Amino acid sequence: MKRIRSPEKKTGIWIDQEKAFLVRIEGEGPPVLEKIKSEVESRIRIPGEGKVSARFGQSFIDDQEKKQHRQHNQREKFFKQVAKLVKGDDFIYLMGPGPAKEGLNNEIENDSTFKAKVILIEPADRMTQQQLIAKVETFFTDKLFYMLKRKLKKEMLAHA
């Protein structure tokens, strides 16, 4: 009996602290773009606002540490949310301008139930949605992808 292979699920993800764009390609189908907005608070500056701190003797206490802790938790939640969407995919191409791509990669790698494998992580500035779709399509049809895929399969066989 011949085993029928399901089409490969490949996803390119552009991510920063505020949002993620997922470009999904399944088999030979057209790319599908999905946007996920994060709930990570960014710095909001109010005109005329002073420094938020209180002085107790020689020490200062401010909300900065609490805010950083809250933002860290919000980022972790965002990474989990994005990772959940690609859990059953085969290959993931991560990109973005800051450290969020590494945070998402850590979330994916630390979950042993993941089928998806991050095949490449690279820096990428903001781009239009059409540029992003074109970049992901180009990557998944490029020789580099097939070389990385072959290398990944060899590593997986060596560890099996």
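Colleague: Is E107 buried or exposed?
Modeller: E107 is buried, with a relative accessible area of 17%. Buried means under 20% relative accessible area, exposed over 50%, partly exposed in between (1.4 Å probe, protein chains only). One caution: this is a predicted model, where local features need pLDDT of at least 70, side-chain atom pairs count only at pLDDT 80 or more, and totals for chains, interfaces and linings use all residues. Residues are numbered from 1 along each chain as its sequence is written, and side-chain values use heavy atoms, with hydrogens and water left out.

Colleague: Which side chain meets E107 in a salt bridge?
Modeller: That of K80, at 3.4 Å, N to O. A salt bridge is a side-chain nitrogen of Lys or Arg within 4 Å of a carboxyl oxygen of Asp or Glu. K80 sits in helix α1 and E107 in helix α2 (residues 100-109), 27 residues apart. Helices here are DSSP runs (H or I, at least four residues) and strands are too (E, at least two), numbered from the N terminus. K80 is partly exposed, at 47% relative accessibility.

Colleague: How many salt bridges does the whole structure have?
Modeller: The search finds 12. One of them pairs R24 with D89, at 3.6 Å, N to O. R24 is in strand β2 (residues 19-26), while D89 is in the loop between α1 (64-85) and β6 (91-96). D89 is buried, at 4%.

Colleague: New topic. At what angle do α3 and α4 pack?
Modeller: About 55 degrees, with their axes 4 Å apart. Axes are lines fitted to C-alpha atoms, for helices over the stretch in contact, and angles run from 0 to 180 degrees between N-to-C directions.
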